[in-house]
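Dear colleague,

Please find the structure below, followed by an account of what was found in it.

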Amino acid sequence: MVFNAIVVTTALKGAIGLMGTGLWLVPLLIAGLSYYRYDQLDPESRPIDKYPLYSEYDFIVIGAGSAGAVIASRLSEVAEWNVLLVEAGPDENEITDVPSLAAYLQLTKLDWKYKTEATGRACLAMKGGRCNFPRGKVLGGSSVLNYMLYVRGNKNDYDHWESLGNPGWGYEQVLYYFKKSEDNRNPYLRKSPYHATGGYLTVQESPWKTPLVVAFVQAGVEMGYENRDINGEKQTGFMISQGTIRRGSRCSSAKAFLRPVRLRKNIHIAMNSHVTRILIDPLIMRATGIEFVRNGRKQIVRARKEVILSAGAINSPQILMLSGIGPREHLQHIGIPVIKDLQVGNNLQDHIGMAGLTFLIEKPVAIVQDRFQPAPMMMHYVINGRGPMTTLGGVEGYAFVNTKYANHSIDYPDVQFHMAPASINSDAGTQVRKVLGLTDQVYNTVYRPISNRDAWTIIPLLLRPKSRGNVRLRSSNPFHSPIINTNYFSDPMDIATLVEGAKLAIQISEAKVFKQFGSRLHRIKLPGCRHLKFATDAYWECHIRHISMTIYHPVGTAKMGPPTDPAAVVDPRLRVYGVAGLRVIDASIMPTISSGNTNAPVIMIAEKGADLIKQDWSVILAN
């Protein structure tokens with residue numbers, strides 16, 4: 001996933017001021033994007049940061065990310081409703097529009113800059129044994145930092161949700177909402193019953209690709225998998241990546257859903273506004289408004305109908321707990337009065353992957369920093385919207401495969417591959433190692449010897465981890481980052497499955513189609529794994545535990561479930577149990593993680609959630 005950083009350095013060598021050598025290019029890029037393409041791509045222009053706000057709105061939406069932007073947009077379709085959307089971060093900028101610059105946005109002011117807790121079971125090659133855990137702090141949320149991959153998950157995921165006691169969440173029902181958002185511009189999918197055109201969210205392939213991704217898909221076919229639309233009838237197979245881009249530019253949820261409605265009089269957006277708690281009347285157990293800090297000043301706004309919490313799987317449980325909704329014992333320990341005892345912050349799930357698997361090649365077809373001329377490449381992108389800067393964070397292909405632990409009788413693969421035409425060595429250590437947080441010892445031992453060599457990678461990731469973590473408050477101070485214990489590999493089946501995924505990835509690399517490139521596995525051992533024989537199961541387990549990598553998909557911390565589920569925080573209509581006028585609508589509500597990248601499912605959840613609100617307030621929905 002992080003290999004977009006490599007593309008960044010090839011294209012700009014210093015975008016957004018992170019590398020001094022190319023700093024002069026940044027104003028040129030911004031000016032060029034603004035002059036040539038910005039109004040052309042986004043005629044509605046930027047959302048308005050509203051001052052002053054009303055004292056009261058019908059609906060208040062907390063968080064303008066992948067879910068919140070959708071909900072605010074859809075609720076404002078009802079002309080008689082006033083909607084306030086509150087976001088802790090600023091607006092997007094011209095740099096965030098460039099698909100290849102995604103990793104350069106991490107560890108900036110657009111990122112909450114979270115880290116996982118050290119457990120000794122994962123992230124061992126990272127500084128302090130802690131993985132970086134980026135989350136978007138910007139209008140559009142993590143859809144501004146992500147790698148734009150459009151993956152809906154497996155139909156069995158949603159049928160499973162429904163079987164847990166969540167009516168209306170089966171695959172046939174949610175497919176409607178996936179299609180409602182979508183404007184798919186891939187010609188070969190135009191007539192597919194699984195896709196749609198005309199929605200707010202643009203989906204298409206990058207207009208630029210290397211021959212390595214074509215070989216990757218062919219290698220899958222060679223191994224008996226199909227080259228298929230993984231968002232269609234079946235998921236198992238290989239595919240050139242689809243992403244949320246629009247003519248070479250990132251299509252975040254804010255760009256898709258907020259900019260077209262910016263001039264509606266009944267939607268207000270408050271940026272740089274950090275919500276500190278939800279106001280709840282304990283006598284009637286009802287959410288009545290929010291408290292937030294904007295420009296250093298504490299403000300209160302009331303909600304006539306509902307408060308909708310869409311701050312994501314980390315910040316939503318944090319805000320709930322700060323408001324007195326959460327595990328009783330934890331809130332009492334922190335010193336927060338308990339309003340409602342619910343299992344908030346539990347059930348944390350994330351896709352964990354194996355980074356650092358590197359295949360060296362002899363032909364100059366990979367992305368290598370020093371090969372490209374930054375200025376011509378940048379101008380080609382600015383003027384034409386094409387070239388390497390349009391790549392989906394460097395992830396050119398993906399696949400869904402079955403290990404020996406998968407249920408082969410149904411279409412339910414257990415490992416996903418992300419394929420990139422580069423690896424940790426490809427940018428000479430400038431950015432990828434920072435995003436991963438790799439120690440100097442690991443980078444210098446394993447990757448510096450092959451610096452700037454042509455290479456490619458496959459990142460195997462675990463689709464349905466059995467391990468569960470949690471989110472807890474560090475203190476009652478709303479400006480303190482929460483404690484994120486992902487608990488990776490606490491269940492031994494997770495590491496066993498990922499080891500099998502690594503072995504399948506190596507099989508792909510050894511397919512006949514890759515012989516033309518002279519592809520071979522890079523074999524320098526990780527310092528912490530020197531005592532093990534290279535390429536054995538024990539070695540791959542050691543590698544996975546060292547270069548563990550979040551795929552940035554935390555979910556599940558405000559679980560949806562029926563009243564009989566003691567772990568449920570919200571009901572199937574996404575209403576918080578025991579507190580009227582309050583819903584959670586974002587990745588937090590997933591009972592189990594979807595099998596694939598989570599951005600598209602979160603947008604689906606928001607589309608469905610907005611309709612649930614309209615139904616509950618007796619608005620007649622148009623077909």
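**A helix crossing**

The crossing of α3 and α17 is right-handed, a term used when the near helix is turned clockwise from the far one by less than a right angle. The contact is made by V70, I71, R74 and L75 of α3 together with I603, A606, E607, A610, I613 and K614 of α17, where contact means heavy atoms within 4.5 Å. By class, seven of these residues are nonpolar, none is polar and three are charged; here Ala, Val, Leu, Ile, Met, Phe, Trp, Tyr, Cys and Pro count as nonpolar, Asp, Glu, Lys and Arg as charged, and the others, Gly among them, as polar. The axes of α3 (residues 68-75) and α17 (residues 599-616) come within 8 Å and cross at roughly 35 degrees. Axes are lines fitted to C-alpha atoms, for helices over the stretch in contact, with angles from 0 to 180 degrees between N-to-C directions. Helices (H or I, at least four residues) and strands (E, at least two) are DSSP runs numbered from the N terminus.

**Basis of the model**

This is a predicted model, in which local features need pLDDT of at least 70 and side-chain atom pairs count only at pLDDT 80 or more, while totals for chains, interfaces and linings use all residues. Residues are numbered from 1 along each chain as its sequence is written, and side-chain values use heavy atoms, with hydrogens and water left out.

Buried means under 20% relative accessible area, exposed over 50%, and partly exposed in between (1.4 Å probe, protein chains only). The buried residues are Y539, W540, C542, H543, I544, R545 and H546. Their cover includes β16 (352-354), α14 (440-447), α15 (492-509), β23 and β24.

F534 is in the loop between β23 (520-521) and α16 (537-546), and is buried at a relative accessible area of 13%. Not counting residues up to four places away in sequence, F534 touches L521, H522, R523, K525, Y539 and W540. The C-alpha atoms of F534 and R523 are separated by 7.5 Å, the two residues being eleven apart along the chain.

**Two buried polar side chains**

D565 is placed in the loop between β24 (548-550) and β25 (582-584). With 18% relative accessibility, D565 counts as buried. Its side chain is joined to that of K559 by a polar contact of 2.9 Å, that is, a pair of N or O atoms within 3.5 Å; within protein, one must be able to donate a hydrogen and the other to accept it, and residues adjacent in sequence count only if both atoms are side-chain atoms. A polar atom of the D565 side chain also lies 2.9 Å from the backbone nitrogen of A567.

S249 lies in strand β9 (residues 249-250) and is buried, with a relative accessible area of 2%. The side chain of S249 makes a polar contact with the side chain of K255 (2.9 Å).

**Backbone geometry**

Most residues other than glycine have a negative phi, and most peptide bonds are trans. The peptide bond from Y51 to P52 is cis, with omega near -20 degrees. R247, in the loop between β8 (245-246) and β9, has a positive phi near 50 degrees. M285 has a positive phi of about 50 degrees and lies in the loop between β11 (273-281) and β12 (286-294).

With kind regards
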